[in-house]
Amino acid sequence: MKKVVALVMSLLAVVSMFAGCSAGKEAVESSGAKSVTFSLLSSPASLDPATTVDGHSLMVETQLFSMLVDSSGGNSAEIKPDIAESWEISEDGLTYTFKLREDVYFHNGKQLTADDVVYTFERVMTEPYTSYYAVSIKSVEATDEHTFVAHLNYPFADFLTMIGGIYFGICCEEAITAGDDFMYKPVGTGPYKLEGDYVPGQAFKFVYNDKYYGAEPDIKEINFKIQPDTNTAVISLQNGEVDFIPALTVNDIETIESDEDLALYQAPSYTIHYVCFNKNNAPWNIKEVRQAVNYAINKQDLLDGALNGIGAIANAPLNSLHLGYNENIPFNEYDVEAAKAKLAEAGYPDGFSCSLMVNSNNAISMKVAQIMQNQLAQIGIEVSVEQLEKATWSDNLNKSNFEIALGTLNWADTNNMVTYLYHTDGGFNYDRVYSNPVMDEMIEKASQTLDTEERVKLYNQIVELGHEDLPIICLLFPNEIVGANKNIDGIKIVDNCYFPVATWTLNQ
């Protein structure tokens, strides 16, 4: 299921390759080209869809790459043709045959063939960041220049939705094998292409790809500014230096709404904030300790204190937007005495001290950490908050270099959400200690079940088992909040990574 909320934006002029100009709030360059300027909290780790999982990279890459099908960035069951103009599915659900458009060209001028699609899929199947997405794929082949065939290991209910996601953005084989650093010199078939060089940490620019096979976009240029501080970004939006901030906090709402030149929109999101534990070591490998932490956390206080009550308490990784949402799981189990009893049962009646690792670029996580620090102190757990820049925080998570940490995950697709967090090989099952064969079997069965009613039952059981085993503690689902200049039509909030500028229209 997807949540779509329209929002209205405007643009401003741009006086250089990298930044918006100060000539009021009209988004027109001196050349006459319409442009927008994005404010990004952090620099994309890569512009290569097969080598990254961070949200800012995905947001940027969706402008550069096209997929075989359009599934709104991999978040919608409504599948539309894209590079593939049609497809057929075998009766057993194991073979997908795609007929490719013959008018698709890469940014470097090379015509796309089925061999490029084969190369892209095989790369996704082997790259560490993306291989898990391809576990359902047995093999791929090109039966002629414009016919691509995918053979599956088993029927996979979300196959078309999955390959409509940016990880399956079709890449130019020639550009990758030539030896250039594709992470910083991407070549796709999307409506925009990189102008100049991409240097992490610096501003960069996309321009219209005049070889694009689809409808010509109204907006011809996209500028990206890196602004790690949200307050700075909001001031830039008010001053007309940027046009769009894709991730605002609840504290910014009044500022945006009070400015007649700006528009603010918010919608329930798929983003879960949660606590993860390094269960390689005591005391986090003891279930009763994790239960004690769960009892000590008052999620309503977290919602009120970190989000001003805007958003929802999480009882599982799935909320009301997801397939498989389960209202039977308790939402808030705050009970200080029960928490103390669990600690005593685990052998820690006097508590202990620990470190809570937090992404310092995430304002919500920072506030949640401060509130949790006080809450856990009530049961004798002394928490020191370790604030790390996003890249270091992420690297430490992947290396299990933490005690407990605050994490976030955004998937509209239920299968991805539960797989990432609960499967033995899940990408966000960081310590790889949580491994329940029953859980793995249910997740795998659900992904292969084509009957929606049966899938819902399985997902209900999956999140119930997750709550029982408690490898993580689900905290909050904040609303998505976007700030923009008001002269742009066509923006839809699908998730916080998918904002296709090619569908926007500038009103002058």
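Visitor: In which sense, left-handed or right-handed, does α13 pass α14?

Guide: The crossing of α13 over α14 is left-handed. This is a predicted model, and what follows is computed from it.

Helix α13 covers residues 437-448 and helix α14 covers residues 452-469. Their axes come within 9 Å of each other and cross at roughly 155°. An angle over 145 degrees counts as roughly antiparallel, and α13 and α14 are therefore roughly antiparallel to each other. On the α13 side, the contact is made by V438, M439, M442, I443, K445, A446 and S447. On the α14 side, R455, L458, Y459, Q461, I462, L465 and G466 take part. Sorted by class, this contact has nine nonpolar, three polar and two charged residues.

Helix α13 also packs against helix α12, which spans residues 414-422. Here the angle is about 160° and the axes are 10 Å apart. The pair α12 and α13 is therefore roughly antiparallel as well, and the crossing of α12 and α13 is left-handed. From α12 the contact draws on N415, V418, T419 and Y422, and from α13 on M439, D440, I443 and S447. By class, the contact of α12 with α13 has four nonpolar, three polar and one charged residues. M439, I443 and S447 of α13 are listed both in the contact with α14 and in the contact with α12.

With 37% relative accessibility, E444 counts as partly exposed. E444 and N415 are 29 residues apart in sequence, and their C-alpha atoms are 8.9 Å apart in space. N415 is one of the α12 residues that meet α13.

Helix α7 (residues 287-296) and helix α9 (residues 336-346) have axes that come within 8 Å and cross at roughly 165°. That makes α7 roughly antiparallel to α9. The crossing of α7 and α9 is left-handed. E288, V289, Q291, A292, Y295 and A296 of α7 meet V336, A338, A339, K342, L343, E345 and A346 of α9. The class count for α7 with α9 is nine nonpolar, one polar and three charged residues.

In general, most residues other than glycine have a negative phi, and most peptide bonds are trans. The peptide bond from A282 to P283 is cis, with omega near 5°. P283 sits in the loop between β14 (271-277) and α7. N308, which is not a glycine, has a positive phi of about 50°. N308 belongs to the loop between α8 (299-307) and β15 (311-313), and at 46% relative accessibility it counts as partly exposed. S400 is likewise not a glycine and has a positive phi of about 55°. Its place is in the loop between α11 (390-398) and β18 (404-410). S400 has a relative accessible area of 19%, and since buried means under 20%, S400 is buried.

Turning to the interior, nonpolar side chains tend to be buried together in soluble globular proteins. The largest nonpolar core here has 107 residues, and F38, L68, F98, F148 and F159 touch the most other members. Helix α2 (residues 114-126) supplies the largest share of this core, six residues. A second, separate core of 49 residues includes V234, I253, L307 and L343. L343 is also among the α9 residues that meet α7.

Leaving aside neighbours within four places in sequence, F38 is in contact with M59, I222, N223, F224, K225, F244, F499, V501 and W504.

Y119 lies in α2. Its contacts beyond four places in sequence are E173, I176 and T177. The C-alpha atoms of Y119 and A142, 23 residues apart along the chain, are separated by 9.9 Å. Between the C-alpha atoms of E122 and F224, 102 residues apart along the chain, the separation is 31 Å.

Key: Residues numbered from 1 in each chain as written. Predicted model: local features only at pLDDT ≥ 70, side-chain atom pairs only at ≥ 80, totals over all residues. Heavy atoms only, no water. Core = buried A, V, L, I, M, F, W, Y, C linked by side-chain atoms within 4.5 Å. Buried < 20%, exposed > 50% of the residue type's maximum accessible area, 1.4 Å probe, protein only. Helix = DSSP H or I, 4+ residues; strand = E, 2+ residues; numbered from the N terminus. Contact = heavy atoms within 4.5 Å. Axes fitted to C-alpha atoms, helices over the stretch in contact; angles between N-to-C directions. Parallel < 35°, antiparallel > 145°, perpendicular 65-115°, else oblique. Left-handed = near helix turned anticlockwise from the far one by under 90°. Nonpolar A, V, L, I, M, F, W, Y, C, P; charged D, E, K, R; others polar.
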